[in-house]
Every structure is written in structure tokens, then in C-alpha cells.
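This report describes a protein model for a reader who is new to structural description. Please keep the sequence and the 3D structure in view while reading.

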Amino acid sequence: MYSPQNIFLKIRNRMDSGYTPRWLIFALDLSALFVAFLLMAFLREAIFRDLGFEDMFFFRLITVIGCGSFYSVLFGTYTGVVRYSGTWDMLRVGLYNLCLLSTLIIINLFFDIIDKPQPFNYFMVSMMVVLTFCFMITLRLSVKMMFSIWGNMEKPNKAEKVFVLGGDADSLLLVSALKEESSAPYLPVGIVDLKNKNTIKTIMNIPIYGFSRDLLSLLDSYKVKTVVVLPKHLPSLKETIMNELVEAGIRVLVVNRFHDINSKDKVSTHVRQVRIEDLLGRPPIKIEDKKLQLSINGNVILVTGAAGSIGSEICRQVASLSPKFLVLVDQAETPMYNIELELKNDYPNLNFISIIAGVTNEKRMKEVFETYSPKIVYHAAAYKHVPMMENNPIEAIRVNVGGTRLLANLSQNYNVDRFIMISTDKAVNPTNIMGASKRIAEIYVQSFFHYNSSDTKTKFITTRFGNVLGSNGSVVPLFKSQIEKGGPITITHRDIIRYFMTIPEACNLVLEASVLGNGGEIFVFDMGEPVKIYDLAKKMIKLSGLIPDVDIKIVEIGLRPGEKLYEELLSDKEKDLPTPNEKIRIADVRRYDYKEVDEKIKNLISIAKQGEVFEAVEQMKIIVPEFKSKNSRFEKVDSLLNAK
């Protein structure tokens, strides 16, 4: 039954669902064109007394509707979310009508060429197109207005008042979306323009304030305890501002996606709490896109440790650059399965294979290189947990040293263009087994390149990272888990500091190194100021809306074996050199004699295979004299070496 009541309920349901069907917009646009065409026909007969107009009526109608349908599909005038219609949507409507007018004029000219009467009057066609444009724009504005009226009528009484930080076109669209979404739990009452200092104006009955005002006082005057921001504006909010907001108990929400939201989505469902990564992250490194694209596009790329935090992100970024084939190597079955599913879903045209294997398996690794002939190898496979490796030094030697040595040798033997090894800042003046094992791997890769540089095409490059936010073993997921359980948060020492970067930042460095390096370099990243872990813990508690040492306790448990209070990117004897990217520098480290290094490493691996733990650690300290154990059972090895 299509009674007025049923029709009203259907319209209400559509409004509640938050979208207008695309087919309906398409049909209404064609209806607008049809009405404009009929008006043109009527006026042509009334004004120009063209009583023969009906002779070609159906030809004209089919031509106009056909062209209108074609350009509607071409420009996607019906695909946008009408309630969020903005400048780009209006531009598409304009292009649609401009192309329609141009096509009809070309048809007229064609009829002139074949000496036939023109089917369209230029003046009347222009009027028809103008009317169509006006109808289509009016339709969109009407839908926006209906959603706005309905949204305000249905807005829950308990909707939280928020300020939107931004001020650009996207931020205004966000304000409009939150206002018009009837079920949104947020009600925008003000906007702060982050680019202008003295702006005071009103839009959509909402005031816009300049960024020069005291933000906390402004929020307090409106009794607002929450602000909403788009991700692209986070870098504009200096860390001091973010700290002030967090310290004052102001909740910072981020719209995770906006332009990607499809017509059935609601903006409020994509609002999330600001993460610690958002506060510590810096503007992304600018990669030399053309050089990187050329190096990846059409080539076979091998990533070891592909299921890990860094390796999986490298796979994602490489996949976006259209490699010929991507080879993923890791021994962790379940994480490998997860990244495989993700790549299949996000990059359906990507050719890749997942290989379950360890990087120390010489026969298996040879098969991989023989079968796929990779041009670039990103070596991310390694044991990275400091306390775990302090208790299992043989495994650190076997994988971090032996695995790297094997892959470096295979890369040269199979004519790989570039081998990029991922190291760590813990390799600098190491105080633990993990850091020392990575330093030995650095020494091998660098000396191997310099020894063979005249005979090999392979460029061996090393990158040093600090701590990666959100990676496996990072303090951030640990702290999150402890907060969710009600605490306490455990830190090893109140004064411990660390450098941090996000996973995408770390992988940007890897990719940048792969195009910047000429071989033999160790790249280090300008990581900004170090972060005090105690302050990080407090900030994460506050971001969760809780009070440190009241709702969540912070407890010191003492330094772990091999752990030191601070990390370094360069040793005392190292200097750094600039690169074209101001955020990346080259560590000017001493060169080692390859034959001597190789002999010592062979001896180290041999001792490790025999399970002689203390003898193996002693050999590590001989290779890396600056390796001094701290808070570890291996401190007595230092004493023995000093006695010698």
C-alpha cells in the first residue's frame, strides 16, 4: 500500500539510514533534464512558432537523454553522498552540463555538414542546459537541507558538545555531516581555524575562531570537554598544544576516514580516540617517488620477516608501487596468513607468494633466490626482544648474524641489485646480546660490500631504527593492555628515555634508503627529541580519560638484563653525513677488513652451534669491543677480557 503514511515512513527510514540511493539521484537528474527539454520544446513552439518541432521530437529526446545518461555515468554525478555535497560535486554537475551542451552543438554542426536541418536551436539548447544545471543544484541543496532539518529535529538531547579543529573545506564538511546525522552523539558548537589567527566569523550558525585565542579558555567558555580533528590537521597541533589539551582532560577525537566513507556509512562511526602514535608522530618523510617507483615497478621484490611489524608494512608500501612479483618470507605461520589475506583484499592485482621458512635454512633460501631471482631484498627478519635474547644468545647469533650473512652472500651470488638490512639503535655501544648481534650483522654487510664493490653489482645498505610505536614488543601495546586491565603500568626505570617513530615512518626510511644508497652506508633517522617512558605512560593514561597514580598506578620494576637508560643513534667514534633528505643522515663509521671479520664471524657461528654460550658471548665482545654488558650475567665476561 502506497498511502501517504507509508511513503512518509519510507522517507523517514531513508533519512535514518543516512543515505539516498544512487539510482534515485540518477533518475532525478534525468528527470530534471527531461523537464528542461520539455520546457525547451514548449518555448521553441511558443516563441519561434516552430510547429514542425514534433517531427524530430523523439530523435531530439533520445539524443538528449542518451547524452545525459552517458555524461552522468562518466562524471559520476550520482555517486557522491548528496548530504555532503561540496565544491567538487558542484564542479561535476557543471562539467556534466558543459559537455552536454558541447555535444549537442557538435551534433548540430554535423547536420550542417551533411546539409540537413539542425535538430537543435542554439539559444534554446543553452537555456535547457542552464535550467538542467539549476534543477540539479537545487535538488542537491534540497536534500542537504532536508537532512539538516531532520538531523536537528532528531538530534539526541544528550549529544555531546564538541569543537572542530580545522577551518578548511574538509573541516566544514565534517561539521555539516555531524550536524545533519540525526544519530550522531556529537553536536558541533564551534570551529577553530588552525591556519588563521584572528578569524571570527559564522558559518551554518556556528562561530569560527582564530587559532591565536587561548584554546583552553575558549573551550571552557562553551563548557566543551571534547574536540574533533581530521588526521591531516594533527601535525598543525603542536605537541605543546596537544599536551595542554591532554593535561586539561580535554578528549581529542580523530575522524579516521572521511572522503573514503561510502554512502551507507555514518561519519560518527569513524570517530576514534586520539592515539599516542598521533601525538608522537612527525610529518611523514618525503620519499623520492619517481626513483622509488622505478626501482620497484616491474621488479621482483623479496621481503624477509614479512609477517612482522616492519616487514608487513614494507610489503604494503611495496605492493602500492606495482612490483612484478612480491616474495614474502617468514617462519611465523599465523601472522603470515593474516598479511596474505590483507594483501589479497587490498591489492587484488598483486602477484605474490608467501613462503614459510627461516632465513638460516640455507637450502630453502637458495631455492627462493633460484626460483624468483629478486632484484631488491628487504631484510627485516631478526630477533629483536632484548630480554629474550639475553636469555637466548645462541638464537640471536644464529638468526641475526648467521641469517644476515647467508642472505647477503646469496644476494651477491644471484645478482640482486640492492640488499637493505634493517638494524637498530641498540647496535650502537651495545649493552645487550640483541644489540651486539645486530652490530655484528652491520659490520659484516658493510665490510662485505667494500671488499666486493669492484666485482659485484649488489649495493648493500643498512638502516638504523629507534623504537617503533605499535610494533611487536613495543611498550605502547603493553601499556594499552595494562590500562585496559585496570593497571598498574609497569616501567623499568623512572628516568629511562627512548627515541620513537611510527611504523610507516620506519618503513619510509627503509624505502628511502633503497633509492638513496650507493652501497656500504648505514642510514640513521633524525628522530627528534627522545621521550621519557614515564611521561609516555602518564600521557597514555590521560588519553584513556583516567588519572595517573589515582585510577592507574605506575610502578617501577627495575632495569631488565641488558637494558640501558638511553639509546644512541651514533657511537662516540662515529660522525654523520647529510643526504638529500634532511631527516636522514649517514653514519660515518670505521671500515673493517672483510677477511678478518668473516673469519671471526665463522668462528662465532661455529661456537654457537656447539652451544657454548659464554664462549660465544666472549667472541661477540672481541668482534665488537664496545659491547659492554649491563645488568646481565655476561658482565663477568667483560671482567675476564679486561683481566687478559
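## Overall composition

Of the 644 residues in the protein, 52% are buried; buried means under 20% relative accessible area, exposed means over 50%, and partly exposed lies in between, using a 1.4 Å probe and protein chains only. The model is predicted, so local features need pLDDT of at least 70 and side-chain atom pairs count only at pLDDT 80 or more, while totals for chains, interfaces and linings use all residues. Residues are numbered from 1 along each chain as its sequence is written, and side-chain values use heavy atoms, with hydrogens and water left out.

The secondary structure comes to 22 helices and 22 strands. Helices (H or I, at least four residues) and strands (E, at least two) are DSSP runs, numbered from the N terminus. Among contacts between residues at least 6 apart in sequence, 75% join residues at least 24 apart; contact means heavy atoms within 4.5 Å.

## Nonpolar cores

A nonpolar core is a set of buried Ala, Val, Leu, Ile, Met, Phe, Trp, Tyr and Cys residues joined through side-chain atoms within 4.5 Å. The largest such core has 53 residues, and Met365, Ile440, Ile601, Leu604 and Met620 touch the most other members. Helix α16 (residues 433–452) supplies the largest share of this core, with ten residues. A second, separate core holds 40 residues, among them Ala307, Ile310, Ile339 and Ile376.

Apart from neighbours within four places in sequence, Ile601 is in contact with Val401, Arg405, Ile440, Tyr444 and Ile623.

## Packing of helices

The axes of α16 and helix α20 (residues 594–609) come within 9 Å and cross at roughly 140 degrees. Axes are lines fitted to C-alpha atoms, for helices over the stretch in contact, and angles run from 0 to 180 degrees between N-to-C directions. This angle makes α16 oblique to α20; angles under 35 degrees count as roughly parallel, over 145 as roughly antiparallel, 65 to 115 as roughly perpendicular, and the rest as oblique. The crossing of α16 and α20 is left-handed; a crossing is left-handed if the near helix is turned anticlockwise from the far one by less than a right angle, and right-handed if clockwise. On the α16 side, the contact is made by Ile440, Ile443, Tyr444, Ser447, Phe448 and Tyr451, and on the α20 side by Tyr594, Lys595, Val597, Asp598, Ile601 and Leu604. By class, this contact has nine nonpolar, one polar and two charged residues. Here Ala, Val, Leu, Ile, Met, Phe, Trp, Tyr, Cys and Pro count as nonpolar, Asp, Glu, Lys and Arg as charged, and the others, Gly among them, as polar.

Two further pairs can be described in the same terms. Helices α17 and α19 pack at an angle of about 45 degrees, with their axes 10 Å apart, and are therefore oblique to each other. Their crossing is right-handed. Val475, Val476, Phe479, Lys480 and Ile483 of α17 meet Ile533, Leu536, Ala537, Met540 and Ile541 of α19, a contact with nine nonpolar, no polar and one charged residue. For helix α21 (residues 613–623) and helix α22 (residues 635–643), the angle is about 60 degrees and the axes are 10 Å apart. The crossing of α21 and α22 is right-handed. Phe614, Glu618 and Lys621 of α21 make the contact with Lys636, Val637, Asp638 and Leu641 of α22, and these residues divide into three nonpolar, no polar and four charged.

## Two buried residues

Ser411 lies in helix α15 (residues 393–413) and is buried at 0% relative accessibility. Leaving aside neighbours within four places in sequence, Ser411 is in contact with Phe369, Val377, Val416, Phe419, Thr458 and Phe460.

Ala587 belongs to strand β22 (residues 584–588) and is buried, with a relative accessible area of 5%. The C-alpha atoms of Ala587 and Phe523 are separated by 6.1 Å, although these residues are 64 apart along the chain.

## Backbone features in loops

Most residues other than glycine have a negative phi, and most peptide bonds are trans. Asn429, which is not a glycine, has a positive phi of about 45 degrees. Asn429 is placed in the loop between β12 (418–424) and α16 and is buried, with a relative accessible area of 18%. Asp549, also not a glycine, has a positive phi of about 65 degrees. The loop between α19 (533–543) and β20 (554–556) contains Asp549, which is partly exposed at 33% relative accessible area.

A cis peptide bond joins Gly487 and Pro488, with omega about 0 degrees. Pro488 lies in the loop between α17 (475–484) and β15 (489–491).
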